Amino acid sequence: MTMQQQVVIVGGGVIGLLTAFNLASEVGSVVLLDRANVGQESSWAGGGIVSPLYPWRYSPAVTALAHWSQDFYPQLAERLFAATGVDPEVHTTGLYWLDLDDEAEALAWAKRQNRPLREVDISAVHDAVSVLGSGFSRAIYMADVANVRNPRLVKSLKAALLALPNVTIHEQCEVNGFIREGNEVVGVQTSSGDVDADQVVLTAGAWSGELLKMLGLELPVEPVKGQMILYKCAADFLPSMVLAKGRYAIPRRDGHILIGSTLEHEGFDKTPTHSALASLKASAVELIPALADAEVVGHWAGLRPGSPEGIPYIGQVPGFERLWLNCGHYRNGLVLAPASCQLFADVMLGRTPIIDPAPYAPDGRI
C-alpha cells in the first residue's frame, strides 16, 4: 500500500476514531464520515469496563484482543491526555463477580491464562465494599480491571484527530452507496456528495451490515439494544466494580455510578423503556441498597453491533478490492478497540501483526 493514499473511514465511533488515529501517520490522508456526530452510538452508551463481562466464556480470539488492549489502555489514555488535555479517565478499581454459576470454570481459565482472578471470602468483600447488598454468598475478584469513561475517550480521540493536518472529519454525512469500478470500491456516495478513496474502511458498528447489503453481501452483524441508568453519589461511595446476575455497577472517579445493562433484540429502535428502567433500578438496589434513595440522573439506550460469538470482523472484504472491515465487536467494542485498531493497521499496511489475524478475517465469515 503506497503512503500517499486517501483512506475513507465510514463510522466515527471509538473503532472508527482509533482506526483513523492509527492510520493518520502512515497514509496520505484520512477522511472520517459519520451519519450523525462521532461517538454518539454504542461508544457513548456503553459502560467502558476494560474487560469482557465474563472473560472466561469467550473464545481465544476475543481473549487475545482483550488482553492486548487491557495492557495498552493506560498508555493510550496518557498519550491522548497529553495531546489534547482531555483525560479519558482510565480508572483501575478491580471487579468483583458475585454468586457465579460457573465460578470453577472462571478460576480454571484464570490459571490457564495467568490472570490475577481469585476467590475471596464474602466478608472480605463487605469490608472492601461496605455499600454492597447482603444477599450474596460467594465472590471472585480481579484486581487490575479498569473502566474507561467512554464519552471522554470519544472527546479526546476527536480532539486528537482534529489536531492532525491530514485528517478530515465530516459529521452529519450519511453514506448511502459505494462507487465501484469492477470489483474495486473507489469511493462512497454520501448525503453531501461523492468522496473518492484509495481504500474504504467500514467501522459502522451495528449499521455495518446495512451498508454491506448495498453490495449484495450478508454480514451477520445486527443491532442489540442495551439500556443503562446513571446515579450520582459521593466520589468514594463505591470503590470497586461489582457484577451479579448479568448486571453491573461501575464507579466513575467523580461519584457517578453506571448500572447496566439490558440485552434486547428490537432492531434499530433505541427508545428507553419504563420496564427496563424498573428492572435496572431493582438490580441497582439489589447490588447497592443505598441507591434506593439516590437520584437517577440519566437513562438511555444504545445499539451494540451483535456478531456470532462476539468475534469482530477485521480485514479485507473478499471479492472487493480496497474495501475493509473493522466492526462487529458486540459487547466488547471499548475493551477490544486498542488491539482491534492496531491489528487492523498492521493488516492494511502489511506490517507484522500484533496477534494472529486469521480468526477475524472476513473471508469465509460473510
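Visitor: What should I know about the model before we start?
Guide: It's predicted, so local features need pLDDT of at least 70, side-chain atom pairs count only at pLDDT 80 or more, and totals for chains, interfaces and linings use all residues. Residues are numbered from 1 along each chain as its sequence is written, and side-chain values use heavy atoms, with hydrogens and water left out.

Visitor: Why is helix 1 called roughly parallel to helix 6?
Guide: The axes of helix 1 (residues 14–24) and helix 6 (residues 150–162) cross at roughly 30 degrees and come within 10 Å. Angles under 35 degrees count as roughly parallel, over 145 as roughly antiparallel, 65 to 115 as roughly perpendicular and the rest as oblique, so helix 1 is roughly parallel to helix 6.

Visitor: Which residues of helix 1 and helix 6 meet?
Guide: V14, L17, L18, A20 and F21 in helix 1 meet L153, V154, L157, K158, A160 and L161 in helix 6 (contact means heavy atoms within 4.5 Å). That set splits into 10 nonpolar, no polar and one charged.

Visitor: What makes one face of helix 4 the buried one?
Guide: In helix 4 (residues 103–113), E103, A106, W109 and A110 are buried, meaning under 20% relative accessible area, with exposed over 50% and partly exposed in between (1.4 Å probe, protein chains only). Down the axis of helix 4, the buried residues fall within an arc of 125 degrees, so they line one face. A104, K111 and R112, on the other side of helix 4, are exposed.

Visitor: What covers the buried residues of helix 4?
Guide: The cover includes helix 3 (60–84), strand 5 (117–120) and strand 6 (139–142).

Notes:
Axes fitted to C-alpha atoms, helices over the stretch in contact; angles between N-to-C directions. Helix = DSSP H or I, 4+ residues; strand = E, 2+ residues; numbered from the N terminus. Nonpolar A, V, L, I, M, F, W, Y, C, P; charged D, E, K, R; others polar. Arc of directions from axis to C-beta.
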